[in-house]
Amino acid sequence: VFLTRFLQPWAFYASPARAWEFGIGAAASLSAVEAWLVRKVSHTWIWCFGSALLLVSLALIDRQTSFPGWAAVAPALATAALLLGGSGAGASGPARLLAIKPMTWIGQRSYSIYLWHWPAIVFAKVLWPVGSISAPIAALAVTFVGASVSYVWVEQPVRRSRLLANSRHRSIALAGCMTLASATIAIVAVASFMHFSRQPSQLAIAEAIDTYPVASGSTHKCLVLFADAGLTECAFGRTIHPQKTIVLFGDSHADHWSTPLVDIADKRGWRVITLLKAFCPAIASDVYVERLHRVSSECVQWRSSAMERIAGLHPDLVVIGEASSAYVTSKWNVGDRHAVASEDWATAMAATVNTLTAAGIPVLIMRDTPRADESSAVCLARVVWRGGDPGRCALVRTAAIDDRVANAERAAAASARTASYQDWTDAFCDRERCPAVIDGVIVYRDSNHISDAFASHLAPALEQAIDRAMAKVSK
């Protein structure tokens, strides 16, 4: 439970942290446990309890659940109950259902299915786009065909081999040879992928993915990570006696504007201060961080420190950027119980903007960029590999934006005289589509962060937006 809260990958993958689940299975296999339970409850009721608990687990455990933690108790107990209840005899008992041919066929191959399913899912996701019906069908087919073949030709022959059973040395030798063969296949596969990735078209896509903005890409690690509450302040441009000071404030969607903003500052003799934290909006709203599996208290602490620092700096402009659509109830967060209502988001936005403008600090709010369901760069790599048209990776405009979120933010900006709102949608999209490549420049690094090259491509428009925002102060 502790590791799930603070080091979730360790809780999930480390064997000692999951040993208790094997312990439940071991306890369920003891005849004394079964005899004790059956004296109190029948096999049928034990099996019904296990089935109900498993269904509850399927319904309540989702991608936002802190797992394993306490949540893992339910499916582990459900499995133990199914095993205990299913061992009961009787024509009407659960054993009759579990003994039918499809159940025993899957049960016999269950370990082979377990080994095959994850590689099949990973490769299906690589080869087919998100939402394609072909991906799950292909993954299911490969899983069952592969499991059937390996069960008959590998698992059973090895298990029943007298040569191996009678010789410890032969068993070790076979294990060593199979390990060596697997390592060789992996090395050859990686080498072939590396050769493929060095093609010019793929190199351009890789560069778009791997080139980070000047703030997060700097050695100062200007983008504070998820579990860190400390304030990291980075300064760029003319840091001594600057003509003006601009603060870039927000999450990674503010960070992807840092390169063009610093370029503008270098040209004009300005200073840029970045106050950035991953998945933490500038506005005063609690957010649930999926990687932490909880509401981020670090975000609250970091934001408070950032606001104090901005007040102390009293900059000429604060530029706010954030992945609004990731936090607010929108088409990407339908049914997300942790999503912030758009009305609450607008209220929090207005509160932050009014706090800054009341202190005499003008604000420029950047509308969140259009968002895809999958990585645009991955889509391009897949299409180029197949010799297809990159235009197939374009987003449908109405599917890539959510005007309700933008309207709430625009209204908040309108509540303060020295606040401005910059809508970038027309720079990314025409009337119908949002291309993956514009003027020969790859637009996105992933599904929602724009590439550093395209951010620089928008530098003239950003410069004009900054000038308009600053002009409001003199009116």
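Trainee: Is Cys-429 buried or exposed?

Mentor: Cys-429 has a relative accessibility of 7%, so Cys-429 counts as buried. The cut-off for buried is under 20% relative accessible area. One caution: this is a predicted model.

Trainee: What is the relative accessible area of Cys-434?

Mentor: Cys-434 has 1%, so Cys-434 is buried too. A disulfide joins Cys-429 to Cys-434.

Trainee: What is a disulfide?

Mentor: It is a covalent bond between the sulfur atoms of two cysteines. For Cys-429 and Cys-434, the S to S distance is 1.9 Å. The cut-off is within 2.5 Å, so this pair qualifies.

Trainee: How many disulfides does the rule give?

Mentor: The count comes to 4. Number the bonded cysteines in sequence order, and the pairing reads 1-2, 3-4, 5-6, 7-8.

Trainee: Which hand does the link of Cys-429 and Cys-434 have, left or right?

Mentor: Look at the angle about the S-S bond. For Cys-429 and Cys-434 it is 90°, and the link is right-handed. Now take Cys-222 and Cys-234: with -105° about the S-S bond, their link is left-handed. Their S to S distance is 2.1 Å.

Trainee: Which parts of the chain does the pair of Cys-222 and Cys-234 tie together?

Mentor: Cys-222 sits in the loop between helix H13 (200-210) and strand S1 (223-224), and Cys-234 in strand S2 (residues 233-237), so the tied parts are 12 residues apart in sequence. Cys-222 is buried at 0% relative accessibility. Cys-234 is buried at 4%.

Trainee: Where are Cys-280 and Cys-299?

Mentor: Cys-280 is in the loop between strand S4 (271-277) and strand S5 (288-289). Cys-299 is in helix H16 (residues 297-313). They are 19 residues apart, and the pair links distant parts of the chain. Their S to S distance is 2.0 Å. The link is right-handed, with 85° about the S-S bond. Both cysteines are buried.

Trainee: Is Cys-177 buried or exposed?

Mentor: Cys-177 is exposed, at 52%. Cys-48 is partly exposed, at 35%.

Trainee: Now helices. At what angle do H9 and H10 pack?

Mentor: Read the angle and the axis distance together. Helix H9 (residues 110-127) and helix H10 (residues 134-160) pack at about 145°, with axes 8 Å apart. H9 passes H10 in a right-handed crossing.

Trainee: Which residues in H9 and H10 meet?

Mentor: From H9, they include Trp-116, His-117 and Ile-121. From H10, they include Phe-144, Tyr-151 and Glu-155. By class, the contact has 11 nonpolar, 5 polar and 1 charged residues.

Definitions and conventions. Residues numbered from 1 in each chain as written. Predicted model: local features only at pLDDT ≥ 70, side-chain atom pairs only at ≥ 80, totals over all residues. Heavy atoms only, no water. Axes fitted to C-alpha atoms, helices over the stretch in contact; angles between N-to-C directions. Helix = DSSP H or I, 4+ residues; strand = E, 2+ residues; numbered from the N terminus. Left-handed = near helix turned anticlockwise from the far one by under 90°. Contact = heavy atoms within 4.5 Å. Nonpolar A, V, L, I, M, F, W, Y, C, P; charged D, E, K, R; others polar. Buried < 20%, exposed > 50% of the residue type's maximum accessible area, 1.4 Å probe, protein only.
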